[in-house]
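Hi,

Here is the structure I said I would pass on to you. Have a look at it first, and then read my notes below.

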Amino acid sequence: MEPSINNEKIDSIIEKYKGEKGLLISLLQDIQTEVNYLPREILIKVSKEMDIPLSQVFSVATFFKAFSLKPRGRHLINICLGTACHVRGAIGILGKIERELNIKVGDTTKDFRFTLETVRCVGCCSLSPVVVIDENTHGRVKQEKVFTVLENYR
Amino acid sequence: MKIKTPEDLYMIKNEGLKALYPGKTKITVGTSTCGLATGAGKVLESLVDEVQKNDMDILIEKVGCLGFCQKEPIVTVLEPGKPKIIYEQITPEKVVELIAVLKRGEIKKDWVLCKMEEEECLVEGVTKKFCNEEGLKGVEDICLYQEVDFYRKQLKIALNNCGFIDPERIEEYIARGGYFPLYKVLHEMSPQEVIEEVKQSGLRGRGGAGFPTGVKWESCRNAKGDIKYVICNADEGDPGAYMDRSILEGDPYSVLEGMVIGAYAIGAHEGYIYLRNEYPLAIRTIKKSIEKAEGCGLLGKNILNSNFDFTVKINRGGGAFVCGESSALMASLEGKVGEPRAKYIRSVEKGLWDRPSNINNVETWANVPVIIARGAEWFAKIGTKSSRGTKVFSVVGKVNNTGLVEVPMGISLKEIIYDICGGVQGNKKFKAVQTGGPSGGCIPESLIHLPVDYEELTRVGSMMGSGGMIVMDEDTCMVDIANYFLTFLEEESCGKCVPCREGIKRARQVLQGITEGRGEEGDIELLQDLGAILKDGSLCGLGTSAANPVLSTLRYFREEYETHIRNKKCPAGVCRELFQYFIDPERCEGCHRCVEVCPQQAVSGEKRQPHSMDQSKCIKCGACVEVCKFGAIVKQ
């Protein structure tokens with residue numbers, strides 16, 4: 001199921017940032033945390049309420065990797081592709097998870113359980129390869145253990 | 001309570017000392033992101049449970065990272081009159097026994113990393129002894145902290161509090177000398193004197209190019225304009241570097257104090273911390289610290305009763321590497337896309353909202369209070385002639401002891417990688433160390449004795465960058481690494497200027513071709529040409545340095561490129577199109593492990609008989625190599 005939108009919550013988020021045009025990125029981040037992605041109608045609303053051209057709102061929403069214009073799953077898997085993870089086999093882990101969930105990077109499983117993305121370094125290089133699911137960092141991940149890790153997220 | 005006088009500071013300091021050395025048993029758990037990733041959260045929970053179950057009067061506290069990430073989760077036990085015992089790799093299961101042992105008044109020596117008989121307080125320049133004659137008995141055979149190979153050659157300035165204090169307790173920061181430097185600055189020094197002190201110290205930016213910090217501050221102070229900004233660059237984007245995260249999570253007040261000192265010197269009253277969204281714990285920690293500092297009168301109006309005002313706001317980044325570049329970062333702070341601009345006019349004159357803006361990174365700010373406390377002369381004695389002080393390196397990759405290492409500038413690569421970090425993993429051969437992130441380069445074994453400072457690293461075709469050091473062994477392919485970085489940079493190029501947008505893309509296509517067996521004669525020369533254009537024609541540092549990973553690997557590993565191009569072979573066995581997996585029948589015990597994990601059913605064979613690999617089915621995912629205990633799967 002796609003996540004539903006709580007309009008009141010959105011209004012209160014926008015209210016918090018009114019008059020602070022510089023904080024557009026933080027505003028969009030708060031909305032994304034709430035809704036899980038940035039729906040078109042909310043971007044239009046932000047543009048009107050904040051008095052920022054829609055083109056600028058849209059360019060920011062598409063420029064930064066943290067934002068998604070498509071609905072995301074309940075759990076966000078981020079495979080770290082930083083240098084340390086790369087040399088310790090991150091590509092193998094990525095392939096394993098793609099096969100396990102039968103999706104490619106950027107996609108969401110049909111049941112909206114997982115969205116699979118990559119990230120360039122989460123600063124946990126000492127424990128590479130690293131996979132971040134929601135806010136939990138899993139270190140020293142092995143292909144063999146991927147399934148067990150994913151099972152913790154329903 | 002608002003802190004106004006030195007007496008107030010001393011009062012809070014005493015509170016902090018009581019929290020640090022409470023006169024009863026105290027246990028700390030390193031709960032930075034690296035600790036949490038290895039289960040420190042659960043260790044903490046079990047500790048609380050066990051202590052309660054056993055009805056023991058023990059204080060349990062969260063601290064930052066001690067730097068030795070390989071040994072996380074790290075737990076320390078401090079009993080009154082005894083040395084502090086540092087335990088390594090503690091799991092929730094081990095906690096039960098640990099508490100039982102502690103109850104009997106013993107030490108679980110098998111799990112001990114080291115002991116500390118005293119603690120140095122760097123800011124004050126004093127050493128606190130915390131054990132008596134009696135306490136020293138029975139622990140003679142435990143290695144001292146300063147004698148552990150990993151710590152022996154380290155000198156911690158930026159990391160001096162990390163792992164020693166609860167990052168959320170301002171009183172513990174003050175107990176270790178914090179905010180006394182700020183008091184001195186605000187009440188006893190003029191802005192010019194502060195700038196002079198920082199200039200004399202020789203401190204240079206720890207985030208990349210190494211610009212002298214004091215000179216930058218002076219330019220910003222002298223720039224025209226009533227409103228000026230002070231910015232902390234916490235958009236630590238270099239893959240492989242995470243010292244800024246560790247400082248923000250383990251010692252946030254050092255950064256805030258550094259920023260107030262800088263703001264006073266420059267004449268700024270507003271500051272920003274631009275922090276990566278990928279660091280949620282750092283964001284939470286610094287947010288709480290700002291609130292607490294405001295409550296104590298150490299941020300906001302009339303700081304320490306000096307009539308000086310300074311406020312700090314946090315901005316979260318959006319996951320764009322280019323935003324680590326100062327002009328792109330400032331554009332992003334204005335709520336725009338993070339595109340850099342040409343720097344005909346420097347940001348110290350026209351930066352954020354076209355006003356004079358001074359930007360330094362986290363590690364640089366964290367050095368400032370110590371410089372003020374110990375003096376420029378003391379700081380300048382550390383390091384080399386052109387690079388003073390220490391630098392934090394994150395030594396990661398194929399190395400035995402991964403972690404954060406803070407050493408005086410000028411120490412050799414060999415000392416860092418071998419003496420401190422224990423050499424290459426699994427008895428493999430050292431091949432190269434990559435420094436400086438995507439703008440840096442790979443340094444080969446022949447240069448392992450190179451002293452590490454800004455100039456030396458640049459001279460050999462790499463750079464300091466923010467301090468990531470990724471160790472590579474014989475199983476790392478240098479063409480693949482160059483391809484990796486160019487793929488990274490292609491994704492992260494903002495697309496504003498043509499040389500960067502198109503040049504990186506073209507270079508990546510050539511490299512990808514080489515790694516996939518489509519390399520041709522002339523490719524190497526083409527890469528060199530593209531590198532020269534990128535360097536001359538790009539707008540910002542991302543583009544001008546983008547060719548470094550290619551040029552440095554070409555400089556030291558040209559043969560490897562040639563083998564890929566001419567023989568269509570990858571000697572390291574990384575480029576999937578250029579090698580095949582075989583099962584060595586001599587070594588294969590027929591355990592069937594590989595058969596079970598192979599997603600393609602490419603491996604077959606009877607149990608206890610040597611297996612065989614069907615090359616037409618194999619996708620080279622490496623799952624079989626990971627599980628094989630006999631090293632029977634070989635690349636050719």
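What follows is a short tour of what turned up.

First, some ground rules. This is a predicted model, where local features need pLDDT of at least 70 and side-chain atom pairs count only at pLDDT 80 or more, while totals for chains, interfaces and linings use all residues. Residues are numbered from 1 along each chain as its sequence is written, and chains are lettered from A and ligands numbered from 1 in the order in which they are written.

Let's start with the domains, whose bounds come from an automatic or database domain assignment. Chain A gets domain 1 (7-63) and domain 2 (75-151), and their C-alpha centres are 29 Å from each other. Chain B is split into domain 1 (19-144), domain 2 (179-379), domain 3 (390-473), domain 4 (478-567) and domain 5 (580-635). Between domain 3 and domain 4 of chain B, the C-alpha centres lie 22 Å apart. Ten residues of domain 3 and 14 residues of domain 4 of chain B make up their contact (two residues are in contact if their C-beta atoms, placed from the backbone, lie within 7 Å). On the domain 3 side, β15(B) has the largest share, with three residues. Helices and strands here are DSSP runs (H or I and at least four residues for helices, E and at least two for strands), numbered from the N terminus.

Now for the place where the two chains meet. Chain B puts in 48 residues and chain A 43 residues. On the chain B side, α2(B) gives the largest share, four residues. That side divides into 22 nonpolar, 18 polar and eight charged residues. In this scheme Ala, Val, Leu, Ile, Met, Phe, Trp, Tyr, Cys and Pro are nonpolar, Asp, Glu, Lys and Arg are charged, and the others, Gly among them, are polar.

Next, a pair of helices in chain B. The axes of α9 (residues 213-222) and α11 (residues 252-266) of chain B come within 8 Å and cross at roughly 45°. Axes are lines fitted to C-alpha atoms, for helices over the stretch in contact, with angles from 0 to 180 degrees between N-to-C directions. α9(B) and α11(B) are therefore oblique to each other; that word covers whatever is left once under 35 degrees is called roughly parallel, over 145 roughly antiparallel and 65 to 115 roughly perpendicular. B:Trp217, B:Cys220 and B:Arg221 in α9(B) meet B:Gly262, B:Ala265 and B:Ile266 in α11(B).

A core is a set of buried Ala, Val, Leu, Ile, Met, Phe, Trp, Tyr and Cys residues joined through C-beta atoms within 7 Å. This one has 229 residues, and A:Cys80, B:Val260, B:Val395 and B:Ile416 touch the most other members. Among the residues A:Cys80 touches are A:Cys85, A:Val119 and A:Val132.

Finally, is B:Ser466 buried or exposed? B:Ser466 is buried, because 31 other C-beta atoms lie within 10 Å (20 or more count as buried, 12 or fewer as exposed, and in between as partly exposed, with C-beta atoms placed from the backbone). B:Ser466 sits in the loop between α17 (454-459) and β16 of chain B, and its contacts include B:Arg206, B:Glu236 and B:Asn361.

Enjoy exploring!

How values were computed:
Lists of a residue's contacts leave out its neighbours within four places in sequence.
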